[in-house]
Amino acid sequence: MCSRYLVPILGLLLLCASAWGQDSKLNVLYKDPNQPVNIRIKMLMDQMTLEEKIGQMAQIDRRAATPQIMRDYSIGSLLSGGGSVPREQATAREWMDMVDGFQNGSLSSRLGIPMIYGIDAVHGHNNVYKATIFPHNVGLGATTDKDLVKRIGAATALEARATGIPYVFAPCVAVCRDPRWGRCYESYSEDPKIVQDMTEIISGLQGDIPPNSPKGVPYIGGNTKVAACAKHYVGDGGTTKGINMNNTMTNWHGLLSIHMPPYYNSIIKGVSTIMISYSSLNGVKMHANRQLVTKFLKGTLKFRGFVISDWQGIDKITYPQHANYTYSVLTGINAGIDMIMVPLNHTEFIDTLTSLVNNNFIPMSRIDDAVRRILRVKYRMGLFENPMADHSLVDQLGSQAHRDLAREAVRKSLVLLKNGENAQRPVLPLPRKASKILVAGSHANNLGLQCGGWTITWQGQGGNNYTVGTTIFNGISTAVHPSTEISYSESPNEDFVKSNNFSYAVIVVGEPPYAESAGDNSNLTIPQQGLDTIKNVCGNVKCVVVLVSGRPLVIQPYLNSIDALVAAWLPGTEGNGVADVLFGDYGFTGKLSRTWFKTVDQLPMNVGDSHYDPLFPFGYGLTTKPITRS
């Protein structure tokens with residue numbers, strides 16, 4: 001009797017084995033690099049559960065993550081917020097080991113979908129000790145040099161990859177229309193055309209998109225490139241009175257002609273992701289704006305990468321923040337946001353979104369659109385084939401070639417606003433050989449202050465011990481003739497200046513570091529310590545004032561006492577670039593990409609306005625020629 005059933009049972013087992021084999025073969029197709037990306041995405045999504053799909057839509061901070069959480073929740077992305085690091089002064093290898101540890105957790109999940117690690121790299125790889133810190137965007141805008149920013153993008157990509165990180169939240173393509181805004185230094189210009197030109201940094205970060213590539217499809221050109229993120233969509237630079245996260249009031253023409261143009265260029269260049277702005281547009285929170293996110297960005301502009309929220313961005317849809325989280329998740333996801341920067345409570349987000357889908361408040365098609373976009377970026381960047389850090393790139397962090405590039409960027413970003421009383425008697429370039437000179441001011445010998453916000457920590461900080469670089473004073477000390485005696489005083493009094501018979505003085509003053517809302521400023525004055533230094537020095541000796549700031553500041557009342565005035569913006573770690581131009585190795589070439597106002601009562605005031613009456617107009621900048629030395 002047993003033998004009678006043996007053959008059918010064996011046949012059934014063979015059939016099941018054959019079916020299992022076919023299913024097994026199907027499972028691995030999504031890992032096959034020879035398959036078209038769209039086929040790989042479909043094969044993978046067909047096998048994903050709702051929980052796995054929603055996990056891909058979550059981005060959490062490294063502080064809230066473990067490899068087990070990455071595995072068990074199929075988390076799509078990790079990030080380091082400002083100052084979120086493996087340890088203080090962590091090495092590139094320690095960063096790589098940390099990222100790889102989390103990645104191993106993701107790869108050990110049921111489907112082994114790699115996570116994508118993101119970080120703010122807004123002026124170089126700025127969270128990382130010993131990284132090259134480039135000038136902030138306000139300075140790069142003054143260079144009007146597209147090739148330069150492209151090379152900076154390529155260098156930033158290499159330094160990010162040197163720590164195992166393949167995704168950066170840059171560039172900021174805001175068009176800052178009011179310098180009272182605390183993020184104005186993250187904007188290249190008040191002029192959308194300059195910001196459009198500067199989107200060339202995306203080609204540096206991601207690589208040049210091949211000819212005839214389909215419009216809107218992300219492109220990342222290999223393991224030395226990173227996925228970029230154009231931000232913050234849209235209108236973040238136009239808020240009322242420059243208040244961060246506030247409301248931008250504009251008509252459709254104003255939106256399309258001022259704030260939207262940089263996104264056209266970003267999408268054409270194959271940008272991988274776009275981050276939504278905290279701000280509102282005509283009273284509607286951008287994180288809730290389905291018309292502009294889904295219909296215009298994804299529909300009209302045909303953007304095919306993924307849309308990401310800002311840090312707790314959906315929480316801020318309500319006031320108070322997080323007051324009705326279910327509403328926030330429902331509104332943000334239905335607006336068209338694909339990945340949510342949770343970042344510290346992934347379970348609440350996952351549970352809330354799962355419930356909304358299961359109860360038919362959010363259609364499965366919306367979840368599938370989000371996951372498809374996230375997977376498209378991961379496939380396009382080769383993350384399935386190369387999920388781990390490439391240790392051969394470790395020496396790229398803070399390399400001399402990148403520091404030389406940053407020094408070049410500093411030179412080109414400097415804007416000469418005044419050079420003596422007339423062109424016949426210029427003060428700059430300064431003589432290298434002098435009996436005795438004074439270098440003074442709060443920012444002269446302070447690496448942290450010259451780098452500004454978003455440097456090592458979120459807000460930045462003063463001091464010379466947080467990272468590696470060259471202060472402006474160091475640069476001057478190297479540039480002058482060995483016989484020139486240099487006296488340094490952060491805050492010299494008038495008697496000290498009078499009694500020393502200095503040949504000339506270089507004063508370096510400016511703003512303290514800040515980021516985001518902490519930088520909102522309605523009066524835009526130089527701190528009193530800096531004003532006292534200008535008064536004590538410039539009244540008693542020929543003086544050059546170098547202003548280190550993220551935006552134009554009130555300078556008109558002091559201009560007559562200043563012999564030469566240089567806008568150095570926030571130059572970063574290579575302060576020797578300032579000395580290169582002060583002493584004539586290179587000429588001044590920078591041009592204002594922002595209008596320099598007379599008084600804050602004029603603000604907002606941008607080129608083309610009917611009430612335009614600036615101290616220094618948009619595009620202004622005196623030039624000097626390099627000195628030929630025998």
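How many salt bridges does a search of the whole structure find? The search finds 31, where a salt bridge is a side-chain nitrogen of Lys or Arg within 4 Å of a carboxyl oxygen of Asp or Glu. The model is predicted, so local features need pLDDT of at least 70 and side-chain atom pairs count only at pLDDT 80 or more, whereas totals for chains, interfaces and linings use all residues. Residues are numbered from 1 along each chain as its sequence is written, and side-chain values use heavy atoms, with hydrogens and water left out.

**Salt bridges**

- Side chains of opposite charge can pair when their charged atoms come close.
- Lys42 and Asp46 form a salt bridge at 2.9 Å, N to O. The two residues are 4 apart in helix H2 (residues 37–46), which separates them by about one helical turn. Helices are DSSP runs of H or I with at least four residues, and strands are runs of E with at least two, numbered from the N terminus.
- Both Lys42 and Asp46 are exposed; exposed means over 50% relative accessible area, buried under 20% and partly exposed in between, with a 1.4 Å probe and protein chains only.
- Asp369 and Lys298 meet in a salt bridge at 3.0 Å, N to O. Asp369 belongs to helix H15 (residues 364–380) and Lys298 to helix H12 (residues 290–300), so the pair ties together parts 71 residues apart in sequence. Lys298 is buried, with a relative accessible area of 10%.
- In the salt bridge between Lys418 and Glu421, the closest N and O atoms are 3.4 Å apart. Lys418 is buried at 11% relative accessibility, whereas Glu421 is exposed at 62%.
- A network of salt bridges links Asp145, Asp147, Arg151, Glu408 and Lys412.

**Largest pocket lining**

- The lining of the largest pocket comprises 11 nonpolar, 6 polar and 7 charged residues. Ala, Val, Leu, Ile, Met, Phe, Trp, Tyr, Cys and Pro count as nonpolar, Asp, Glu, Lys and Arg as charged, and the others, Gly among them, as polar.

**Annotated domain**

- UniProt, in an unreviewed entry, places "domain: Glycoside hydrolase family 3 C-terminal" at residues 414–623. Over residues 414–623 the chain is 17% helix and 16% strand, with the end C-alpha atoms 10 Å apart.

**Sheet**

- Three strands form an open sheet of mixed pairing in the order S6-S8-S9; strands pair if DSSP finds at least two bridges between them.

Key:
UniProt positions are given in the numbering used here, feature names are shortened, and annotations may be inferred rather than shown by experiment.
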